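Good morning, and thank you for coming.

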Amino acid sequence: MAHLQSSAVAQITEIVNRHKNEETPLMMILSDIQKEYGYIPLEVQELVSSLTGIPVSEIYGVVTFYSFFSLTPKGKYVIGVCLGTACYVKGSQLVLDKFSELLGIKPGETTSDNLFTLDVLRCVGACAIAPAVSINGKVYPMVEVKNVESIIHGYRTKEEAQND
Amino acid sequence: MIKIKTSEELINKQKECASCLDSKFKGLDGKRAIVVCGGTGCLSADSHTILERMHELIKEHHLEDKVTANIVGCFGFCSQGPFVKIFPEETLYTKVKVDDVTEIFEKDILGGEIVERLLFVDPQTKEKARKQHDINFYKLQKRDIALRGNADINPESIDEALGDGSFLALNKALHMTPQQVIDEVLKSGLRGRGGAGFPTGRKWQFAHDVDSEEKYVVCNGDEGDPGAFMDRSIIEGNPINVIEGMMIEGYAIGAKNGYFYIRAEYPVAVKRLENAIKQCEELGLLGDNILGTDFSFRCHIRLGAGAFVCGEETALLNSIEGQRGMPRPRPPFPAVKGLWGKPSVINNVETLANVPYILLNGADKYAAIGTEKSKGTKVFALGGKVNNVGLVEVPMGVTLRQLIYDIGGGIPNNKKFKAIQTGGPSGGCLTEKDLDTPIDYDNLVAAGSMMGSGGAIVMDEDNCMVDVAKFYMTFICDESCGKCSPCRIGTKRCLEILTKITEGKGTMEDLEELKSLAEVIKSNSLCGLGQTAPNPILSTMASFYDEYLAHIQDKKCPAHVCKNLFQYKIIKEKCVGCGMCARNCPANTIEKTDEIPAGRDPKMPMRIHLIHPENCVKCGLCMNNCRFGAIIKE
Amino acid sequence: MALVNIKIDGQAYQVEAGLTILEAAKKCGFNIPTLCAFNNGKCSRASCRVCLVEVKGARGLVASCVYPVAEGMEITISSPKAINARRASVELILSNHHKNCLQCEKNGHCELLEVSKLVGARDGMYEGSQTPATVDELAPGLIRDTSKCILCGRCIERCKEAQGISILGFENRGFNTIVGPIQNRSFATSPCIQCGQCVNVCPTGALLEHSEIAKVDEAMKQGKYVIVQTAPAVRAAIAEEFGEKIGTPGTGKMVAALHRLGFYRVFDTNFAADLTIMEEAHELLQRIKNNGVLPQITSCSPGWINYLEYYYPDIIPHVSSCKSPHMMMGAIIKSYFAKQHNIDPKDIFVVSIMPCTAKKYERQRKEMPNDVDAVLTTRELAKMIKRSGINWQRLPEEQFDADLLGEYSGAGVIFGVTGGVMEAALRTAYFWLTGKEFGKIDFEACRGQEGIKEATIDVEGTPVKIAICSGMRNAKVLLEQIKSGKSPYAFIEIMGCPGGCINGGGQPYVKPLFLPNEEDNILDTYREKRASVLYSEDVKQVIRQSHNNPDIKKLYADFLGEPGSELAEELLHTSYDAHREKFPDNK
């Protein structure tokens, strides 16, 4: 098992200590780690286990229960297509299918260049602007199948510009 | 910051803040105020940039003393956003773009002239509405209880909340005994806004009556119902109102700590709530000996992490306790043994947002609103196939017809109304025959649905109800916690059968099995999620049995949604032979025949086209690209 | 206890307040089927939804395993609604279950199969796709097959409550939920101690011991000298497999059966238990004399040794270097016995019948790869007896073979009970120190620590503190004391399973569902009943101290020399791995 860098150990210890005055803070700790690193690998779960005394199996059980937590790193851009009812009745499934087709990945997967992760969202509370697509927190309103290509293209171009 | 230590200090501070707010909204000393909508829809349409731009312009013109600009919660009329409202005239600009800001600023703020082109135009009368209450969408609404302050005050400023009257209800409550507070809530007839509508006062009474050193109040903000965003807007628009409701509850049942459980998907709500709690603590309105009384109270925030089942109250408690969100068997009920084994009351965000109004204005005034058994107002997230999509607060008792047609402005594109789904995955579909039913808890249940948290999704003739049932089953299957076997396995089986039916492989036996499964899941499941999981199936089967039959017996999807059960077809008479369809067909399954389109010169290359259904992937590109309306689904 | 009046199916009863409906119904003569509840009907999950009944006034059906009785409650078990509901829950579970019952190792003990029969489950209901399955056969001790798992959660609770290890947990959500070590790993690549407590509570074939019957068959076929030894705890429980009541001694019939199964010699591991005492008592005295590392901790439970290596490698110097008795036995058979009989050790195949699944791991340890060739659990032995057509009831009582390794003392017998090793070792150590025979230990519960017992022995004026515990949850307390340098003890006995070997992971299943003739609270009493078999055998032995066993004396005189001699060290002692990785990367 790969070992964590000392800076990561320090930071995770800090996160755990941040919540030490709260009762049963596991969810808070995991949320913070997820936000900080984008995923919660096993080594980190082991560390949290040893810092909190909670068995690794319980931490792993929690991580795999909640869809917000991820065991693997996500892409640089996380595309969330809302499949809430309001979005669904307005065709968001077709939008999701289009993203899936153009990126060549299924929902939950990440492209091999680690640029995009495609996720299904269950209502982001943006029903008024359905179908909604959220990319790294930015919400795109009323996305139609025909917009999908240009949205992806926009990020690809931005990425190329940064690399040049 | 100076702490508010007594009732008198609160009342003085309140007066001071109220006059500030007054001057802001009433334009005393020639002041102007700009508020910009901060709802999700408007933010996604750059309302934050609009606000930034306004700030820049104020600075450029050195008007910092005269003009203020801030974000507010949500105007609710999301399909018309972003909104910019100018005080004291209360001019409401709709669909504002970043490019419009300079014009608004120069014409209105500097010139005192209204930018006519940005006013709302009534689609029927074509008349322009200058103020919010001139718009039909708002006319039937009563947005001053749960959505109080939502489109006026700055949700990040406790002074504005105080100016709006926050904490006066708490102050009043602290002068009553806890039992008197509970009696007042009982008398108001307030029922839980999260689902089944259990009387809030009775819930409080249970917890009040249990003898325990430590008790907890928990606010359920895990709004997971796909198609609902009431709680989000309430917290984002006026977090302090919810905190005050929670404190009153804490006082009533004897709790010292309150926990907000909020979806992690709502970062803005979390941020505003954190900020509001901090401001309350700084003023001494949260902490020890609040307003000089023996009442001490603290608020804590816990985040959900993407599990719908955590809206179920015992699953929510497990989640706060750092466990998988799997519901607990009951009894023991949370009011007896809840969070960390202590008596706990779990109330939904909207429920708590109602509480300050009740205490401040009295139970009688509150109970005067609504129907016999459902009092007050209800916030709905009106969405789907309706013109005026948005967040509405209406008195209980308005009819579905009023909701869809008067407030919602009817169905777009002259399509035919088919159903309105309320109550989310636990609810059901209501149809034409139910439209004149006054909305309240009991009527919706009697009609085969439920209030739920307040999602109201309108469906039109283009929506396939079997597909809708499948959609909800997919959701429930994904979100089933997996603890009890009827829900874990039963919902999966339902989904498999529905999938079979939508693929045209269903049999009448499948339909029987589906019905029997639905009954088993309903009667055998552990928690409310499981027990209500089959509702979308049962309700669509009850109202749209013919659609199920069409899928099974005729192998047709009447709404042309289920891909295996309809075909694209070119109407010969309308085809001009342009070939756009064939050029756009990704499956290369459109053939150019030898037939010459009617009235065309045979020397020209145009020929009638034909779709070979065998290879068609049903992408619909041919139909979208045909400019002559020659392609139909059947 | 206050009583309440209830009605079940129209009949009036008085039952204790505070009982669940399931418990109350059982007392009134109704068996409500259930799959997730264990512990006599106390359940924290109510997740299988099989035990549903109707209660007048309650909303919908209620799960009887969690619903408490109340004054005036009217319960209906036999209504069509309740009957259909229970049947449907079982049918749904069956629809996601790998139903190869005929080949399933759990056949005969499967609660799901029995409950299906009881509720009248119909064939082929609700069939559909199944949760993706994993079969883990990598670990020497245990097998996990998720296609059989019904997610009752008993194993998770047992691993956590009894052992405090929590190897098993729920993973994923909804239809994809499984039970397993994290990442759905193998037990072999997780810090699982392979104690098998999870197997004992599993209602289906999802958790099983890793059978080695085929290995024994192969050795027999090859014509090897297949020598069998049986651990003390086996005789205390084997009769249960043949319908006898719990607590029936099975020694004589078991030996008779082993003779009929064609083993070359049938030995009692008790002989080696005496040998272990000689070595371990010697080691203890050496440590005391030479200011060595104290407390000394026993080493005969391989589950405990696994725990030690994974979780407390720092404690290794405290642990006796003695091999466990059956491993010593194997080593002696393949050296001393082989030499005396002029048999090439390569032609000897040693089979250990153990109450334990961790012993299967232990025999494959790299430190002692050749001592024992196969380990069978008590349950596996019963299978071998049954398939050979032996009628247990008609078996005569026979004696273990008296061939060099035949004698054993009462001290060896009580090895199978928690506290037994301590008592046996003290009998010898005390004698060596004082020249007098030791009386009886007066254990008392260690204050504030249930499950840990301590005693102070007066050794000619010097008080010596000792402690015993079983189950890793209890051991953790004592180990933490040692770690912080605050352990007051000189000698500690640790057994891997709660109650010691009589409750080992390889013992016959104690499933109330299959035990209609046992008392209602059998899950609370079976350990005592089994232990009493061993204690009464101890009392019956003429020789009760290991150092007085004549065959042991002869073994030292003719072969080993003194306890702790070079040869004894080589054959009877081992070492432990201080660097055992919890999650080696191969998944």
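Predicted model: local features only at pLDDT ≥ 70, side-chain atom pairs only at ≥ 80, totals over all residues.

Residues are numbered from 1 along each chain as its sequence is written, and chains are lettered from A and ligands numbered from 1 in the order in which they are written.

In chain B, an open sheet of five strands has the order β12-β11-β15-β13-β14, with mixed pairing. Strands are DSSP runs of E with at least two residues, helices are runs of H or I with at least four, and both are numbered from the N terminus; two strands pair if DSSP finds at least two bridges between them. At the edges stand β12 (390-395) and β14 (428-430) of chain B, each with a single partner strand, so one side of each is left without a neighbour in the sheet.

Strand β13 (residues 417-422) of chain B runs antiparallel to β14(B), joined by three bridges. One bridge pairs B:Thr422 with B:Gly428 in β14(B).

Turning to chain C, the domain assignment, automatic or from a database, gives domain 1 (3-94), domain 2 (96-204) and domain 3 (214-572). How many residues of domain 2 of chain C are in contact with domain 3 of chain C? There are 18, facing 24 residues of domain 3 of chain C, where contact means C-beta atoms, placed from the backbone, within 7 Å. On the domain 2 side, α5(C) gives the most, with three residues.

Terms used. Contact = placed C-beta atoms within 7 Å.
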